Amino acid sequence: MKKSFFLISIVTLTIISCKSSYTKIGDKNANYIPYYLKAYEADSLCLVGNYQRSYEILDSLFKKYEPANMDNVNEYSTYIACCVMTGNIENLDEKIRNGILKYGSIIRNHPDGDTIYTRLSKITKVSREEMKLLSQKNDEQYNTELRNRIIRMDDEDQNARIPVLNHSKMDEFQKKHEKEIDEIISEFGYPNQKVTGYMFNEYNEPVSFDEIFYHQTTENKKKYLPLLYDNLVKGKLSPNEYGGIVDKIYLDNGRLFYGTFLGEVPLINEKKIDSIRKTIGLPGYGYEEWAFKRIFPNQ
């Protein structure tokens with residue numbers, strides 16, 4: 001009965017949408033679901049070389065919405081690439097500066113990446129030195145104490161699992177982190193990349209709060225779903241991040257709701273998976289795998 005109720009709750013959450021046209025990230029009336037869908041459409045067009053149409057979609061989108069720049073799509077970087085490849089370079093240097101200062105980088109992985117950035121270097125007057133300084137400025141805006149805390153939590157989480165699972169340590173850190181997660185979210189909201197920027201441990205490996213959160217109990221993850229869905233709609237959490245957290249809850253019982261994890265894991269509703277994904281702004285099922293193969297065809 002509890003599983004059924006949870007499924008109904010998720011469906012109810014994902015079919016609710018705001019009607020307002022406000023577009024600033026975090027605004028109480030914002031609705032970023034249509035934004036996400038168009039950003040993914042532009043991403044797919046860019047990956048197949050249709051730079052003009054991708055540019056048109058993003059240029060129009062950014063006039064209505066503050067760019068969310070999802071961590072697995074980097075649509076602002078796609079926009080810069082399409083500007084370069086289509087010759088739409090008016091105010092390009094200003095766009096580059098604003099992009100690096102706000103997001104830390106305007107680089108994205110692409111099968112034509114070498115061509116894109118060779119052309120970019122010939123067009124822009126923004127030097128590599130200036131880009132580096134702007135990236136450093138972006139990094140300085142984040143809370144160092146919070147980042148170090150999350151990196152330390154990640155170290156504890158991983159050390160209990162690598163090289164072998166230590167179940168007593170896993171339980172110890174899960175309980176310890178439950179309290180810390182509560183404190184962090186209460187003070188900062190959900191600390192995804194928009195809150196922390198890019199984080200790396202002492203081995204220069206990327207650190208994500210998501211992974212720490214994944215290893216919490218199912219009940220603790222469920223507790224935050226209303227907050228996370230609100231963040232999703234307001235542009236503060238990407239569909240892939242939100243979908244991944246919901247999928248991790250379902251994965252605890254051997255199934256996936258949104259299909260954000262790769263592998264041979266059964267779906268809750270395979271026949272309706274594309275329409276289910278669309279409710280939170282995700283593209284069709286299998287998109288992530290398709291995009292990866294487009295970008296890295298030899299891997």
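At what angle do helix α13 and helix α14 pack, and how far apart are their axes? The close-up views below come from a predicted model.

**View 1. Packing of helix α13 against helix α14.** Helix α13 covers residues 225–233 and helix α14 covers residues 239–251. The two pack at an angle of about 160°, and their axes are 9 Å apart. Because angles over 145 degrees count as roughly antiparallel, α13 is roughly antiparallel to α14. The crossing of α13 past α14 is left-handed.

**View 2. Residues in the contact of α13 with α14.** From α13, the contact is made by Leu225, Leu228, Tyr229 and Leu232. From α14, Pro239, Tyr242, Ile245, Val246 and Ile249 take part. Sorted by type, the residues of this contact are nine nonpolar, no polar and no charged.

**View 3. The largest nonpolar core.** This core has 73 residues. Tyr35, Phe213 and Tyr242 are the residues with the most contacts inside it. Helix α2, residues 33–47, supplies the largest share of the core, with nine residues.

**View 4. Surroundings of aspartate 157.** Aspartate 157 lies in helix α8, which spans residues 144–159. Its relative accessible area is 4%, so aspartate 157 counts as buried, the cut-off being under 20%. Leaving aside neighbours within four places in sequence, aspartate 157 is in contact with His177, Glu211 and His215.

**View 5. Aspartate 157 and lysine 125.** In sequence, aspartate 157 and lysine 125 are 32 residues apart. In space, the two are 44 Å apart, C-alpha to C-alpha.

Conventions. Residues numbered from 1 in each chain as written. Predicted model: local features only at pLDDT ≥ 70, side-chain atom pairs only at ≥ 80, totals over all residues. Heavy atoms only, no water. Axes fitted to C-alpha atoms, helices over the stretch in contact; angles between N-to-C directions. Helix = DSSP H or I, 4+ residues; strand = E, 2+ residues; numbered from the N terminus. Parallel < 35°, antiparallel > 145°, perpendicular 65-115°, else oblique. Left-handed = near helix turned anticlockwise from the far one by under 90°. Contact = heavy atoms within 4.5 Å. Nonpolar A, V, L, I, M, F, W, Y, C, P; charged D, E, K, R; others polar. Core = buried A, V, L, I, M, F, W, Y, C linked by side-chain atoms within 4.5 Å. Buried < 20%, exposed > 50% of the residue type's maximum accessible area, 1.4 Å probe, protein only.
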